[in-house]
Amino acid sequence: MTRTTIGALVGGTDLALHEAGLPLLNMEIPATEASFAFDALSDAGVTFERGQRFAVHQRVAYVPVRGLLTPNSAVLERYLGWSTYHGIAETMATLSASDEVEAVVLFFDTPGGAVMGIQSAVAAIQACAAVKPMHALVHPLAASAGYWLASQCQDLSASPGSWVGSVGTMLTAYQPVQPGETGNQIYILTSEHAGAKRPDLSTDEGKAISMVRLNAMEAEFLSAVAQGRGIAVEDVPGRMSRTDDDKMGGDVFWDEEAVSRGLVDQIETVASFMSRVAGLYAPQKQTRSQAYHAKAAAAKASASL
């Protein structure tokens, strides 16, 4: 395949991405398909094959949510093993309908990603959580769009030192100010009534247009977090700020501070989390009913006559 950067696939789109994910935009997509292992999960008997979106172990489905999240970048899913919103939505629909799955665990390792398309994944997680227990473990990061998804799970844990938060949206754009690398001047022209298609962020007008869109997406984000975590929507910005100014929100938190702010339910090691979930859904030993024992006693008595 032709080598290209990840930024070339998602560049210019609105992002819900923590700054830790920005270097990923400059990564080249490798030429070979991804094959990855979660050692922490494999220790508990959960293994993944190449390209596998989820694995079922003892009636619990384990779903990795990892990498830079995009709507449907099959290239990133295939060659890096990263999750996509379409893939998550399809997985949730499959698990919701499966009689072989009693509960679902989402395993988060993502700085976030694109805003476009996330609503389908959020809705799919909510729909699955309505019919089956939904657990999540952050190990080591669920930021921005990643936390948007994680916050929809009924039981949310983070491993020690893991980060959650970065609630908010951002926009990246490139304005032509000099000749490009080819020596040709770059021009951008939009039709008469499409000024918002690519606003000029070097102007106040361009910033104002972009802020309307960013704030609308942020409102959806805040609403989803509020619903998922049981927090009043007007309180979410303050929970995400380390100051008294709600506008300075969008920060990340870890360990007991993440718990005290209501962003996660508890801090657990991976081993403790896996043991707890396995214990909740371990196959129960069959106990015979009183009626069975009464019939057995009657049959024994009859045989002795």
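Me: Is Glu90 buried, partly exposed or exposed?
Reply: Glu90 is partly exposed, because its relative accessible area is 46%. Keep in mind that this is a predicted model.

Me: And which residue does the Glu90 side chain meet in a salt bridge?
Reply: Arg53. The N to O distance in that salt bridge is 2.6 Å.

Me: What other salt bridge does Arg53 make with a Glu?
Reply: One with Glu77. Their side chains meet at 2.8 Å, N to O. Arg53 lies in the loop between α2 and β2 (55–57) and Glu77 in helix α3, so this pair ties together parts that are 24 residues apart in sequence.

Me: Why would such side chains pair at all?
Reply: Side chains of opposite charge can pair when their charged atoms come close.

Me: Is Arg53 buried, partly exposed or exposed?
Reply: Partly exposed, because its relative accessible area is 30%.

Me: How far is Glu77 from Gln52, C-alpha to C-alpha?
Reply: The separation is 9.9 Å. Along the chain, Glu77 and Gln52 are 25 residues apart.

Me: Let's zoom out. How many salt bridges are there in the whole structure?
Reply: A search finds 11.

Me: Which residues are linked in a network of salt bridges?
Reply: Arg242, Asp251, Glu257 and Arg261. Within this group, Asp251 bridges to Arg242, with the closest N and O atoms 2.9 Å apart.

Me: How exposed are Asp251 and Arg242?
Reply: Asp251 is partly exposed, at 27% relative accessible area. Arg242 is also partly exposed, at 40% relative accessibility.

Me: Where does negative charge gather on the surface?
Reply: In a patch made by Glu234, Asp235, Asp244, Asp245 and Asp246.

Me: Take Glu234. Where does that residue lie?
Reply: Glu234 lies in the loop between α7 (204–229) and α8 (236–239). Glu234 counts as exposed, because its relative accessibility is 56%.

Me: What about Ser223, which helix is that in?
Reply: Helix α7. Ser223 counts as partly exposed, at 39% relative accessibility. Its C-alpha atom is 5.8 Å from that of Val233, which is 10 residues away along the chain.

Me: Now His18. Buried or exposed?
Reply: Buried, because its relative accessibility is 8%. His18 lies in the loop between β1 (14–17) and α2 (39–42).

Me: What is His18 in contact with, leaving aside neighbours within four places in sequence?
Reply: The contacts are Pro111, Ala143, Ser144, Trp163, Ser166 and Val252.

Me: Backbone next. Which peptide bond is cis?
Reply: The one from His139 to Pro140 is cis, with omega near 10°. Pro140 is placed in strand β5, residues 134–143.

Me: What is phi at Gln58 and Arg59?
Reply: Gln58 has phi near 50°, a positive value in a residue other than glycine. Arg59 is not a glycine either, and has a positive phi of about 70°.

Me: Where are Gln58 and Arg59 found?
Reply: Gln58 lies in the loop between β2 and β3 (60–69). Arg59 is found in the loop between β2 and β3. Gln58 is partly exposed, with a relative accessible area of 45%. Arg59 counts as partly exposed, at 34% relative accessibility.

Me: How many helices and strands are there in the protein?
Reply: There are 11 helices and 10 strands.

Me: What share of the residues is buried?
Reply: Buried residues make up 43% of the 305 residues.

Me: And what does the accessible surface come to?
Reply: About 16000 Å². Carbon and sulfur atoms hold 53% of that surface.

Me: Last one. What share of the contacts with a separation of 6 or more comes from residues 24 or more positions apart?
Reply: Those residues account for 68% of such contacts.

Technical notes
Residues numbered from 1 in each chain as written. Predicted model: local features only at pLDDT ≥ 70, side-chain atom pairs only at ≥ 80, totals over all residues. Heavy atoms only, no water. Helix = DSSP H or I, 4+ residues; strand = E, 2+ residues; numbered from the N terminus. Buried < 20%, exposed > 50% of the residue type's maximum accessible area, 1.4 Å probe, protein only. Contact = heavy atoms within 4.5 Å. Patch = residues over 30% accessible without salt bridge, like charges linked within 9 Å, V, L, I, M, F, W, Y side chains within 5 Å. Areas by Shrake-Rupley, 256 points an atom, 1.4 Å probe, with all protein chains shown as cover. Salt bridge = Lys/Arg side-chain N within 4 Å of Asp/Glu carboxyl O. Lys, Arg positive; Asp, Glu negative; His and termini not counted. Charge placed at Lys NZ, Arg CZ, Asp CG, Glu CD.
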